[in-house]
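I opened the model to look up its charged side-chain pairs. My notes follow.

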Amino acid sequence: MAPLPVLGTDVTSALLAEADRRAPAMVELLLRLAEMESPSADPASQGPVLDVLEDELGRRGFATRRLPGRRSGGVLVAAPGSAPAAFQPVSYTHLTLPTS
C-alpha cells in the first residue's frame, strides 16, 4: 500500500480553519442525536434518529436510501450526489451506548 500524501501547511491550515468554523454546528447535531432515545431493542425508536441523519445528509447533497432491518430500525445508506445504480455506502455505523 502506498503511503498517504502529506498535505501542505496551507491545505492543512485551511482544513483546520473550516473544521473550527463548523464545530458549533457539528456539536449541536451530535448533542441532538445523543439526546434521542433509540435503544437497540426497540426498532421503532430508531426511526427518528434515521430521519434526522437522512435530512442532514440530504441537505449536504447526499442521496440516501433506507434499508429495512429484521431486528433493528434499519440502515441508512448515503452516497454523494445523485443515487448511482450501485449505491455505494459512505459510512455504516451502529453505536450501542451503555444504559446504566
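**Salt bridges**

I started with E56 and R60: they form a salt bridge, with the closest N and O atoms 2.6 Å apart. I count as a salt bridge a side-chain nitrogen of Lys or Arg within 4 Å of a carboxyl oxygen of Asp or Glu. Through shared partners, salt bridges join R32, D55, E56, R59 and R60 into one network.

This is a predicted model, where local features need pLDDT of at least 70, side-chain atom pairs count only at pLDDT 80 or more, and totals for chains, interfaces and linings use all residues. Residues are numbered from 1 along each chain as its sequence is written, and side-chain values use heavy atoms, with hydrogens and water left out.

Next I checked E56 against R59. Their closest N and O atoms are 2.9 Å apart, in a salt bridge. Both residues lie in helix 2 (residues 47–59), three residues apart, about one turn of the helix. I take helices as DSSP runs (H or I, at least four residues), numbered from the N terminus.

Is E56 buried or exposed? E56 is buried, at 10% relative accessible area. R59 is exposed, at 56%. My cut-offs are under 20% for buried, over 50% for exposed and partly exposed in between (1.4 Å probe, protein chains only).

Then I moved to helix 1 (residues 9–34), where E18 and R22 sit four residues apart, about one turn of the helix. Their side chains meet in a salt bridge at 2.6 Å, N to O. E18 is partly exposed, at 28% relative accessible area. R22 is partly exposed too, at 46%.

Last, I noted the total: the structure holds eight salt bridges.

Methods
Helix = DSSP H or I, 4+ residues; strand = E, 2+ residues; numbered from the N terminus.
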